[in-house]
Amino acid sequence: MANETKDDGAEAFVPRGAVAFFAVLIGFFSAVWLSFYALLLHRH
Amino acid sequence: MAAIQTVNRVEKNVLVASLLFAGVMVGLLAFAAVRLGVTVPGCITSVKPFSEGSLTQVAPGRYEAHVVAKSFSFKPSPLKVPKGSVVDFYVTSKDVVHGFFIEGTNVNLMALPGAVTYAQARFDEPGKHMIICHEFCGAGHHDMTGMVEVAP
């Protein structure tokens with residue numbers, strides 16, 4: 001079977017999907033926030 | 001003895017990333033406010049020319065009057081203009097709601113704190129036109145008057 005546990009211990013679980021979702025979330029909100037920040041500076 | 005709970009590595013990284021994200025946002029705002037002087041726009045009536053009373057000639061026969069109503073007077077007063085002038089009135093209030101009525105003209109405004117109201121009048125005949133507050137504004141309301149003096 002694939003992903004069989006190794007003899008020296010179970011492989012640590014990493015929630016790759018959640019981490020990817022979090023990265024996209026941060027990236028998207030960063031883009032939105034920075035756009036408005038740039039507009040604030042431009043209008044100043 | 002209580003067990004010491006360790007934070008999962010991924011969870012720790014996510015927490016650090018979140019705090020960093022928030023910190024960067026706050027830092028950028030602080031930079032804009034302190035170093036660049038970016039501020040929230042204030043009320044229009046707290047900036048010139050609306051914050052102070054003035055009468056300015058902008059063209060031959062054309063005047064701009066910025067009138068500030070305050071309990072219980074209008075500033076500036078008297079407003080002296082020559083015969084035949086057209087006057088743009090921009091009126092606001094420093095405290096409560098006042099009225100702004102120039103007898104003998106169509107100028108009939110409210111002087112509102114935080115807002116600017118506008119009317120225009122032409123003064124063809126020499127004479128005096130009383131400015132009256134016609135919105136009850138307190139103990140001195142009945143004495144709250146100003147004057148437009150039209151010179152020959």
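## Close-up views of a two-chain predicted model

**View 1. C43(B) sits in the loop between α1 and β1 (54-59) of chain B.** Helices and strands here are DSSP runs numbered from the N terminus, helices being H or I of at least four residues and strands E of at least two. This is a predicted model, in which local features need pLDDT of at least 70, side-chain atom pairs count only at pLDDT 80 or more, and totals for chains, interfaces and linings use all residues. Residues are numbered from 1 along each chain as its sequence is written, chains are lettered from A in the order in which they are written, and side-chain values use heavy atoms, with hydrogens and water left out. C43(B) is partly exposed, at a relative accessible area of 38% (buried is under 20%, exposed over 50%, partly exposed in between, with a 1.4 Å probe and protein chains only). Its C-alpha atom is separated by 9.7 Å from that of P113(B), 70 residues apart along the chain.

**View 2. Helix α1 (residues 16-43) of chain A packs with helix α1 (residues 9-34) of chain B.** The angle is about 0 degrees and the axes are 12 Å apart, which makes the two helices roughly parallel (angles under 35 degrees). Axes are lines fitted to C-alpha atoms over the stretch in contact, and angles run from 0 to 180 degrees between N-to-C directions.

**View 3. Chain A and chain B bury about 1100 Å² between them.** This buried area is the accessible area (1.4 Å probe) that the two parts lose on being put together, summed over both. Carbon and sulfur atoms account for 83% of it. Look for F22(A), W33(A) and Y37(A), which supply 44% of the area that chain A buries against chain B, more than any other three residues.

**View 4. R62(B) and D88(B) meet through their side chains in a salt bridge (3.0 Å, N to O).** The term means a side-chain nitrogen of Lys or Arg within 4 Å of a carboxyl oxygen of Asp or Glu. R62(B) lies in strand β2 and D88(B) in strand β5 (residues 85-93), so the pair ties together parts that are 26 residues apart in sequence. R62(B) is partly exposed at 31%, whereas D88(B) is buried at 6%.

**View 5. The peptide bond from S71(B) to F72(B) is cis, with omega near 0 degrees.** F72(B) is in the loop between β2 (62-70) and β3 (73-75) of chain B.

Conventions:
Parallel < 35°, antiparallel > 145°, perpendicular 65-115°, else oblique.
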